Amino acid sequence: MNFKELAENLGLEVDEYLELIELFIDTGFADFHKIQEAMARSDSDQVMRSAHTIKGAAGNLGLMDVSETAKIIEENANNNQLDNLGATVATLKTQFDAIEAFVHG
Amino acid sequence: MPMKQAARPLHQDQAQDVDRLSNRSTILDLVKRVQQLETEKASTEKAQAALKESEERFRLISETIHFGVYEIDEEGSCLYTNTRYQEIFGINLVESLTTHWLDYVFDADKKWVSEQWTASMEEMDELSLDCRIVTNQNRQRWVHVHSSPVFSDAGARYTGTIEDITHRKQAEQELQLAKEDAEMASRAKSQFLANMSHEIRTPMNGVIGFTDLLIETDLDPTQVDYTDTIKRSGEALLSLINDILDFSKIESGELEFECIEYDPELLAFDVCDLVRPRIGNNPVELLCSIAEDVPTLVNGDPLRFRQVITNLLGNAPKFTEKGEISLSLDLEEESDTRVKLHARISDTGIGIPKDKVASIFEPFQQADGSTTRKYGGTGLGLSICKQLANMMGGDAWAESEEGLGSTFHFTAWQEKVKSQPPPRVAPGILNGKRALVVDDHAGNRKILTQFLKAAQMEVVSVDGGQEVVETLKAAQTENKPFDVCLIDLNMPEMDGYTVADLVRQAFPTPPLLLVLSSALERDAQKCEQAGFDGFLSKPVRRQRLIQMIARLLGEETADQADAGKKRKMHTQYSVREALKHSVNILLAEDNLVNQKLAVMMLGKAGYTVDVADNGQDAVAKFTKQPENYDLIFMDVQMPEMDGKAATQTLRRLGFNDIPIVAMTAHAMKGDREMCIEAGMNDYITKPIKREKVFEMIKKFVFQKEGA
């Protein structure tokens, strides 16, 4: 992940961008837990909303892979198809962990 | 010499004369010679004594001096050394005369020292160097060698001194090491501060962000109160951390400057708006004046420029309980590509003691230790200001008289903007209207006349109050009444108040009266009582004057339907709000990350952003202060009330002028149509691109204002 480039794309300093990423990780994990909980009770509305939030934030920060994964979850949830999402949600978690590991070294 | 003269052979023809005179002259000569010899002997003895004394003095000096002294001949043989010389090298007199000081130079230094010595011998030049030597006792010392060539009949020699500087060198080395250590520690500290600030900022963003969300939930009044306190405290802490971060960034040289176009006048007024609430209920007038020659646009870092002015102006209310606080902006210097702006922030506050005026710009310094307790602050603000100013090629300093007030100065070089925006066209409402200008100063009359004529008005000017009522009456008789009358406040024979009184006695309502005062706004209230409709401070900016008249005339038209309504006098501040202000954006977006990103991105460009967490919040925030916003960015998909519904609500409430730009997910087809149908003006797709955002602001804010 080239934070410098991602930051520049947004016209921000690297440390400002890092601040956003940190906020993204914090809120993202919260949303991720919401997805897990909502999956457990088959609340596709909530899954869709939380995935949408992650998608939007990730997209704006230029984290396109996360955004794409969240988008798949959002679209499936929109069509009430939660059954096959397990693997995708796991991917999302892996991607989050990777970002966190990258940021926090 | 007399002896030689006597022995000189005489010519033949002279011989007889000599003979004749010889007896007498010989005796005389002898007496003279004896006298001469005695004188010579005395002087020789005197010279010898002097020489002895001189030698003694030299010996004394040479033997007691702290320097080693030597003399070396052309062949390099040592002719003389003093005791100190021998002491330095740990040798005796004989050893010193049979060796050369070069022999004792430390091996590692020998090569370059010899080279310099040889070179100075060849060029008959002075030699001056520091080197290490090893004494006869095998101890290493540092010495300073100084040698100069001496020329005499006996040939060239070199005399010189050798000084033992071991202690000095050791101290120097220790000092150097200590300095390096200190610098390293300082860098480490700055780095630590920068990291720490960053580490603190991150969770603080979480605290503030989630507190915002918390406030939106169902809370009882006590909980709302507590949550507000958390938020306020969080924000205070964050601003403190930002100070520290800025400071450490400057210290570690990491601060970068943007180069963005901005309007310095706008910026100055914005800062005034920001600072005005801090004055509270104190009887303090806040004034802002921008010199006519300050460019409309410059290129620079508006955020940093604003930061300095905000800091300097923001301090003033803390220390000023009554009187005035003024911000003025002038063009101090101009080159082909740059302008040097000079901001002065004056107050009539407690002032600063003379001996503290300079030191308050040093970090962690305030005029008084008690200042921190009474007035708060980190003691970093002014230091940051000065350093930012320096980095912008300018400076920040203060002048003050205790008890009378202070003036803070801030200068900065900013780049010129290649193409200044074209002047705005005067509103059509002025077209053909008649204005009477009353001013004793011919230059002012000329400028005002020129401004008004350029706005298609008909202008008559008079140089004093005496003719005003007559002129107005005559115009009415001719059925060409004046619509507006511009009156200078300070005129020698009859001042503006008197003129206004007379006019109001003769004409209850129109014409409108506009007062121009160089005394700035402190007279505003008195002017209102005197019957003036508008107030402008001198020097009057063209745009402001035109806007003020347009506004007055416009309101007058509107008021005719609502006769008898008491109008409040306009000042330049109230006019400014309609004319020019910074771009204020309302962002309706539920995502914390996106909110923060937008605030950062837009804030950098000098825009202010208010965030609404959902559609309902957006409607509430907007309707509370509709005049406050220039543009709404509206996320389409939000909880509570989505962007579409929020837009429909706003439009239904009659807010048709505010541009609303939708932010919509790319994937959703038909979004665009849906947005336009809901009453939005345009849309941008997510993820948000910086360029697109700025394009929208340009399209809906600047072009609209420019038209």
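Which residues have the most contacts inside the largest nonpolar core? They are Ile73(A), Ala588(B), Ala618(B), Ile632(B), Phe633(B), Met634(B) and Val661(B), in a core of 66 residues. A nonpolar core here is a set of buried Ala, Val, Leu, Ile, Met, Phe, Trp, Tyr and Cys residues joined through C-beta atoms within 7 Å. A residue is buried if 20 or more other C-beta atoms lie within 10 Å of its own, exposed if 12 or fewer, and partly exposed in between, with C-beta atoms placed from the backbone. Helix α2(A) gives the most to this core, with seven residues. Apart from this core lies another, of 42 residues, among them Val275(B), Ala398(B), Phe408(B) and Ala412(B).

A word on reading what follows. This is a predicted model, in which local features need pLDDT of at least 70 and side-chain atom pairs count only at pLDDT 80 or more, while totals for chains, interfaces and linings use all residues. Residues are numbered from 1 along each chain as its sequence is written, and chains are lettered from A and ligands numbered from 1 in the order in which they are written.

Let us turn to chain A. Chain A has five helices and zero strands; helices (H or I, at least four residues) and strands (E, at least two) are DSSP runs, numbered from the N terminus. Of its 105 residues, 44% count as buried.

Chain B brings a sheet into the picture. Five strands form an open sheet with the order β2-β1-β5-β4-β3 (chain B) and antiparallel pairing, where two strands pair if DSSP finds at least two bridges between them. At the edges are β2 (78-81) and β3 (127-134) of chain B, each pairing on one side only. Strand β1 (residues 68-73) of chain B pairs with β2(B) over three bridges, in the antiparallel sense, and Tyr70(B) stands opposite Thr81(B) in β2(B).

Finally, two residues deserve a look for their backbone angles. Most residues other than glycine have a negative phi.
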